[in-house]
Amino acid sequence: MDVRVALFDVFGTVVDWRTGIADAVRTWSAVHAPTRSDLDPGDVADRWRARYQPSMQPIRNGSRGFTTLDVLHRESLVDLLTELEIDADDEAVDALNAAWHALPPWPDSVAGLTAIRELMPVAPLSNGNVSLLLDMARNAGLPWDTILGAQVVRAYKPTPESYLRTAELLDLEPERCLMVAAHNDDLAAAQACGLRTAFVRRPLEHGPGGADPGPTGDWDVVVRDLVELGAVLARTGAQTRRS
């Protein structure tokens, strides 16, 4: 493939959001909801994440101005805590919301990104805001060349603008950009915009026993992890930005 940059979905593809959020909920609830021994941290993580796509939809359809994911995550958290009948002050809510800034990488992520970076620039194309992605990168050791995503292009995936404006910022035609994700809908939207696509299997994204849809589209590459993706790109002669 004659691709010049690798762009990555982050939540679920590069970092393990469910484990990170469940661990944070477990620690947080011991301090701020000590009487709620009935709370299942994994279930709380799933219910919080379930609000993710719906929270962005008003921005996608133009009924709400652009708002960062940090704000949307916090609004969703406030609603969820109300639903769970947990009373928390602003400081406590902010503390739990910050967990998205410190999610753990999958075991292969740092090594895989480092290998791919030897071939071409690597950057997130994520719905996360810049400060969130920057904090996450420093915490997890993710070797991004730059931070891209929704806040930079003022559009949330999977709208076409999110992919096309990113390619434009990089002075590249869409077909010179490789979109890497563990989610078929993300890749389908990117492919429709002309980007090349790589599906990464993440069978544990939704926890043990969770859904593992596998690849459902005609993607350019399907791999089990980012280390394998680096090897495939090297073997197929993927071009570097310098070439």
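I shall speak about strands, then salt bridges, and finally cysteines.

This is a predicted model, in which local features need pLDDT of at least 70 and side-chain atom pairs count only at pLDDT 80 or more, while totals for chains, interfaces and linings use all residues. Residues are numbered from 1 along each chain as its sequence is written, and side-chain values use heavy atoms, with hydrogens and water left out.

Let us start with strand β5, residues 196-200. Helices (H or I, at least four residues) and strands (E, at least two) are DSSP runs, numbered from the N terminus. Four of the five residues in β5 are buried, where buried means under 20% relative accessible area, exposed over 50%, and partly exposed in between, with a 1.4 Å probe and protein chains only. Strand β4, residues 177-181, runs parallel to β5 and is joined to it by four bridges; two strands pair if DSSP finds at least two bridges between them. Valine 180 has alanine 198 in β5 as its bridge partner. Between β4 and β5 the chain passes through helix α10, residues 184-192, in a right-handed β-α-β crossover. Right-handed here means that, with the strands pointing away from the viewer, the path from the first strand over the helix to the second runs clockwise. Strand β6, residues 221-223, is also parallel to β5, with three bridges, and phenylalanine 199 has valine 222 in β6 as its bridge partner.

I turn now to charged pairs. The whole structure holds 17 salt bridges, each a side-chain nitrogen of Lys or Arg within 4 Å of a carboxyl oxygen of Asp or Glu. Arginine 202 and aspartate 108 form one of them, at 2.8 Å from N to O. Arginine 202 lies in the loop between β5 and β6 and aspartate 108 in the loop between α5 and α6, so this pair ties together parts 94 residues apart in sequence. Arginine 202 is buried at 8% relative accessibility, and aspartate 108 is buried at 11%.

Arginine 196 and aspartate 220 form another, at 3.2 Å from N to O. Here arginine 196, at 26%, and aspartate 220, at 36%, are both partly exposed.

What of the disulfides, and how many are found? The search finds zero, a disulfide being a pair of cysteine sulfur atoms within 2.5 Å. For cysteine 177 the nearest cysteine sulfur, that of cysteine 193, is 11 Å away. Cysteine 177 is buried, with a relative accessible area of 0%, and cysteine 193 is buried at 13%.
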